[in-house]
Every structure is written in C-alpha cells, then in structure tokens.
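The sequence and structure come first.

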Amino acid sequence: MTGNKKDKKILVLNCGSSSVKYVLFDNTLNRITKGNVERIGSPDAFIVSDTKEVCSVPDHKTAVEIILEKLFKNAIKDKDDIKAIGHRVVHGGEKMTQPSIVDDEVKSEIKKCFPLAPLHNPHHLAGILAIEQLLPGVPNVAVFDTAYYKTIPAHAYLYALPYYLYKKHSIRKYGFHGISHQFVAEKTAELMQKPLDKLKVITCHLGNGCSITATKHGTPVDTSMGFTPLEGLMMGTRCGDIDPSIVTFLATSESMSMNDVNKLMQSQSGLLGVSGVSNDMRAIIEESGKNNERASIAIEMFCYRVKKYIGSYNAVLEGADAIVFTAGIGENSSIVREKCVKGLSRIGIEIDTSLNEETKEGIISKKSSPIKILVVPTNEELMIAKQVQILV
Ligand code: ADP
C-alpha cells in the first residue's frame with residue numbers, strides 16, 4: 001500500500017528564473033534523488049537527473065510536470081506517497097516570518113513581494129501554482145529566505161531615510177540566503193562541538209549571489225543584503241554596496257531609464273562588470289593567472305569587501321567565535337578564503353594554509369587562532385525539508 005504515513009517523502013523545489021532544482025527526501029531526511037531543469041524558455045532546455053536529456057520546457061509549469069514524470073517513473077508510486085512539498089521562497093516581506101503552509105493568504109503575500117524580488121518570487125509562485133494543479137491535496141510549504149532575519153534589531157534593519165517611508169512602504173533591510181546561513185550556523189556548532197546558543201558566528205555565503213550574516217547565540221543580528229538582494233558584497237553580476245548617488249548620476253549622464261540602471265546594477269556589474277571576463281569565479285581566477293589585470297582587480301575587490309564585512313561584523317558581535325565560508329566560491333576556492341582573512345592575525349583570525357587547501361568540511365584555522373575559520377558546505381534543500389517536517 002502506498003501513502004503509509006511513515007514512508008512518506010518530502011519533495012523540495014527551488015524555482016529560479018530559468019531553472020527548477022528538486023530534491024526528494026525520505027521521512028528520515030535522507031536524500032533519495034535530485035535533479036534540475038535548466039534553461040527554461042530557451043530552445044536548448046534540458047533536465048539533469050541520472051542523465052542529461054534535452055527537452056522542450058517553455059515554462060515553469062512544464063518543468064514541474066517533467067520533474068514529476070521522472071519521479072513517478074523512478075522514486076514515487078503516486079501522489080499519496082508525498083507528505084508535502086517544500087518551496088524555497090526568496091522574499092516573504094514583513095509578514096512571512098515562519099515557514100507556512102501555502103494558502104490564499106500566503107500566495108498573496110508572495111505576490112506582494114514581486115516588486116522586491118522580481119527575479120525570484122514570480123517563479124516561486126509559478127512553481128507553487130503548477131504543483132497545486134498537478135498534485136491537488138498535497139500540502140505545499142513555503143520556506144522564506146527572509147524569515148531567518150526576523151530578530152534583527154531596528155537599529156540594524158532601518159535605513160536612514162525619512163521614517164514615514166518605512167511605515168508607508170516597509171522600506172527596511174530584510175536579508176536573504178537565510179535558509180543557507182541558518183543551516184551553516186547550525187552545522188558550525190555541530191563541528192565545533194559547542195551549542196549554537198553559546199556561539200557568535202559570521203557566515204559568508206559566497207556563490208553567484210553573496211551575503212554575510214552575523215549570528216549571535218543562534219539569533220541573527222545583522223546581514224549584508226538589504227531591502228533587496230542587491231545590497232552588500234560584490235557578486236557574480238550584482239554590484240553590492242555603491243554610493244546611491246551613482247544611480248541618479250548614471251540616469252542623467254548616460255541618459256538611462258531607472259529600469260536600465262537597475263538592470264546594469266543587477267546583471268552587468270559585480271565580477272562580470274569589473275573583470276569583463278565572466279560572472280564565474282573559476283574563469284576569473286584562470287584569467288588572472290594569465291596576467292589579466294581586470295580579472296585580478298575583480299578578485300581583489302571581491303575579497304577586500306568580504307574582509308571589510310568580517311571586520312565590521314566582528315565589531316557588531318563584540319568578538320566572533322567563528323568565520324565560516326560556504327556556497328560555490330566559499331566552499332571551493334582556497335585562494336579566495338585566504339585573501340578574505342589575510343593579515344587578520346592581530347584580531348585573532350589566523351588561517352592554516354594546508355588545512356585551507358585540503359579541507360572540504362571543518363576547521364581551517366591554526367590551532368592558536370582564537371577565532372576559528374571553517375568551511376561548511378551548505379544544504380538549503382535539507383534545511384527546507386527539515387522545516388517542512390516540523391510543520392506537516
Ligand atoms: P548559486 O548562487 O547560483 O547557487 P553557487 O553557490 O553554485 O551559485 O556558486 C557559483 C560560484 O561558485 C561561481 O562563481 C563559480 O565559479 C564558483 N565556484 C565553483 N567552484 C569553484 C572553484 N573550484 N573555485 C572558484 N570558484 C568556484
């Protein structure tokens with residue numbers, strides 16, 4: 001018989017702008033299978049599961065249909081086999097501060113945040129609507145990237161704009177990548193064999209999108225992304241912190257519309273904009289090795305900014321216990337990690353170069369370093385599945 005409550009599975013979906021990633025977990029949260037559909041809407045769309053297959057995927061609904069088809073062939077008997085579907089949702093605004101079973105109100109809140117996360121929220125909702133149609137009766141749970149930051153104090157989340165704008169439009173820092181930062185902070189406590197509520201950690205999520213979060217005794221107190229995921233560190237194609245006057249200057253001097261300036265800051269800046277090579281750190285490191293000056297300066301800028309945030313969050317935390325690197329760049333680039341903490345021995349941060357080269361997960365600082373440095377691979381899907389299991 002299918003649908004035995006004990007054997008039920010959790011499906012996690014992460015619907016991006018042109019991709020849908022999925023992971024299927026069993027009821028003890030072991031991964032059964034995973035895959036992704038890429039290049040949705042383009043003629044060369046494909047699905048990767050055990051193999052890579054080119055297929056026609058005009059929209060997110062089709063992507064979800066193809067994923068379910070695959071799962072029903074290999075891993076799931078029928079829809080009663082699925083306990084719930086967890087969805088990563090980037091922006092939950094001020095209201096959605098907990099993982100929530102999707103109902104009309106939750107969908108409306110996700111929609112309200114479209115203008116704040118135009119590259120993410122519309123696709124998350126498309127995925128939810130598709131699966132509601134395809135698997136009626138199976139609960140959907142929205143897990144918000146912003147929810148982790150609900151405890152950030154007002155002095156950290158307010159911008160120094162007229163206060164009525166916060167009241168009128170909820171203009172404030174929200175923070176993103178919360179699912180990843182929470183997972184990594186919890187894993188850090190496990191690896192350091194200390195309770196999280198006794199630790200002060202700075203987690204550096206360095207992927208295509210990049211953010212840093214300061215978590216004090218299990219509670220986040222500040223984070224580098226803001227009202228939208230554009231603020232903070234330099235990223236693959238996003239500029240991160242700039243003088244806000246540059247926006248109006250560009251609009252006037254380059255005769256650009258606000259929309260064009262926004263596009264420039266979102267998708268033509270960051271590592272790509274400075275290096276002129278790529279948004280991909282691997283390619284930039286390779287070019288830098290061939291004496292490409294712009295590639296080298298892009299790497300220096302990237303690491304310098306991480307270092308500045310580490311210093312400022314060390315102050316915010318009044319002394320951190322650990323600096324943690326995660327996501328594509330943070331997990332894989334020993335060069336970047338070393339540059340981000342270079343010269344910080346005076347404030348108690350000393351990397352061990354051989355541990356930094358060898359370690360895939362664990363401590364990479366010298367034994368004598370008062371502040372530990374760690375590499376921790378993130379696992380957002382597992383974190384989502386954990387939250388779903390608590391709720392359903
Ligand atoms: P996303 O934010 O899209 O999930 P990832 O976390 O996968 O991104 O990170 C993508 C980034 O990680 C890219 O810039 C990629 O070049 C970088 N990356 C992956 N492996 C390495 C590596 N070995 N060295 C340097 N950068 C790497």
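## Helix packing

Helix H2 passes helix H3 in a left-handed crossing, a crossing being left-handed if the near helix is turned anticlockwise from the far one by less than a right angle, and right-handed if clockwise. Helices here are DSSP runs (H or I, at least four residues), numbered from the N terminus. The model is a predicted one, in which local features need pLDDT of at least 70 and side-chain atom pairs count only at pLDDT 80 or more, whereas totals for chains, interfaces and linings use all residues. Residues are numbered from 1 along each chain as its sequence is written, and side-chain values use heavy atoms, with hydrogens and water left out.

The axes of H2 (residues 104–112) and H3 (residues 121–134) come within 9 Å and cross at roughly 155°, where axes are lines fitted to C-alpha atoms, for helices over the stretch in contact, and angles run from 0 to 180 degrees between N-to-C directions. H2 and H3 are therefore roughly antiparallel to each other, given that angles over 145 degrees count as roughly antiparallel, those under 35 as roughly parallel, 65 to 115 as roughly perpendicular and the rest as oblique. Helix H1 (residues 60–74) also packs with H3, at an angle of about 50° and with the axes 9 Å apart, so that H1 and H3 are oblique to each other; their crossing is right-handed.

## Ligand surroundings

The shell around the ligand, for which a residue needs a heavy atom within 4 Å, includes Gly207, Asn208, Gly209 and Asn279. By residue type, the shell divides into three nonpolar, seven polar and two charged residues, with Gly counted as polar and Asp, Glu, Lys and Arg as charged, while Ala, Val, Leu, Ile, Met, Phe, Trp, Tyr, Cys and Pro are nonpolar. Helices H10 (281–289) and H12 (327–332) each supply at least two of the shell residues, and H12 gives the most, with four.
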